[in-house]
Amino acid sequence: MAPERKGAGKSGGIDSSILAKIINHDVASKGRRAACGAVYVSKKLLRSTGKAAWIAGTTFLILVVPLFIQAERDQMLGEIEFQQASILGPPPPGAL
Amino acid sequence: MADLFPPLVTAQIDGKPPKADEKVDYSNLPCPVPYDELHREAYMSLKSETFEGLRFDFSKGLNQRFSLSHSVMMGPTEVPSQSPDTTIKIPTAHYEFGANYFDPKLMLVGRVMTDGRLNARLKADLSDKLILKANAQLTGEPHMSHAVFNFDYMGKDYRAQLQLGNSALVGATYIQSVTPRLSLGGEVFWAGVPRKSGIGYAARYETDQMVASAQVASTGNVVMNYVQKISEKVSLATDFVYNYFSRDVVASVGYDYILRQSRVRGKIDSNGVTSALLEERLSMGLNFLLSAEGFFFSQVDHKKKDYKFGFGLTVG
């Protein structure tokens with residue numbers, strides 16, 4: 001076990017040293033920091049966009065939807081009345 | 001402005017002021033709106049009752065003048081708690097029985113609730129120009145009952161009101177038309193129990209299309225509002241309330257759509273509160289003699305995350 005490990009350590013050591021060199025390089029660490037920052041900012045942006053979308057959506061639902069529904073019904077009522085008036089015509093003078 | 005209010009709302013009789021010619025006739029100014037109703041248009045559009053739960057009203061007229069009403073209300077009521085963030089809601093339900101008597105000269109309204117509260121209102125025309133109004137609320141709890149008497153005098157282009165309350169409350173208001181469109185007024189009150197006195201001033205400017213009014217009181221309240229009538233059906237209103245002692249500021253903007261069968265009012269606040277009230281006249285068919293009106297109220301408070309919804313039905 002020990003020699004394996006030692007051997008592995010040795011070969012792994014060579015690999016790990018190359019890998020460690022890459023990982024600890026300046027450019028790589030700067031890139032890592034930038035990626036962390038970008039993830040942090042994008043998380044915040046997503047959360048605030050989500051919040052804003054929720055507020056905008058519920059406000060629209062409360063304020064605007066009943067109005068649209070009622071305005072549509074009023075318009076349809078107006079159309080029905082107009083159609084009835086045009087079909088039936090003016091009421092005859094002798095009618096009750 | 002009489003055509004602004006549809007039959008859905010209780011009739012507010014307000015004679016149209018005579019159209020002014022090029023020269024203003026200062027000796028013939030119209031009578032101003034009563035001081036309590038200075039902000040009437042803005043309140044009708046913006047101050048919707050924040051009702052949560054179910055409400056059902058049934059009124060039956062026994063006579064041409066006398067009618068009874070039954071009303072059931074079920075829903076949570078808010079109780080003020082220590083911290084301003086949390087509100088405690090206690091579900092309550094009660095039934096209210098009422099009787100009304102309407103005469104051209106005398107109006108009596110009484111209501112009794114299942115929690116023992118009695119509310120009585122009286123409005124009597126003592127003469128052509130003097131009106132007496134009284135409002136009393138009696139409860140079982142000691143020291144919680146109160147009564148207020150108002151004497152209103154309507155002059156040619158002014159109105160004066162004297163108010164007397166039961167715990168040594170005295171108040172007087174006076175409002176005068178200065179031009180056909182502008183009226184100015186003031187009020188003075190003295191309350192005996194918390195020894196406070198106050199003075200306030202108010203101004204109201206109205207045209208056919210808009211009404212602007214402002215009120216300042218020594219209790220620290222400053223109220224300004226503006227209502228613009230965009231068309232026969234639509235009006236927009238905005239309101240600004242500021243208390244210069246407690247530094248509370250609230251501004252709100254709202255709309256009011258009066259359609260043939262319904263009325264939709266919506267409002268958004270600077271506290272992050274949006275609310276809407278929808279009232280609709282339900283057509284129950286030709287067989288029914290009674291008319292029914294339904295209303296639906298919703299309010300979303302984004303800051304406090306408080307959501308309230310209420311609906312109700314009025315029959316008769």
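A: The buried residues of α3(A) are covered by elements that include α2 of chain A together with β15 (248-258), β16 (262-269) and β17 (273-282) of chain B; covering here rests on contact, meaning heavy atoms within 4.5 Å, while helices (H or I, at least four residues) and strands (E, at least two) are DSSP runs numbered from the N terminus. This is a predicted model, in which local features need pLDDT of at least 70, side-chain atom pairs count only at pLDDT 80 or more, and totals for chains, interfaces and linings use all residues. Residues are numbered from 1 along each chain as its sequence is written, chains are lettered from A and ligands numbered from 1 in the order in which they are written, and side-chain values use heavy atoms, with hydrogens and water left out.

The buried residues in question are A:Pro66, A:Leu67, A:Gln70 and A:Asp74, where buried means under 20% relative accessible area, exposed over 50% and partly exposed in between (1.4 Å probe, protein chains only). Just after α3(A), A:Gly89 takes a positive phi of about 75 degrees.

The axes of α2(A) and helix α3 (residues 65-88) of chain A come within 4 Å and cross at roughly 35 degrees; axes are lines fitted to C-alpha atoms, for helices over the stretch in contact, with angles from 0 to 180 degrees between N-to-C directions. A:Phe60, A:Leu61, A:Ile62 and A:Leu63 of α2(A) meet A:Val65, A:Pro66 and A:Leu67 of α3(A) in this contact.
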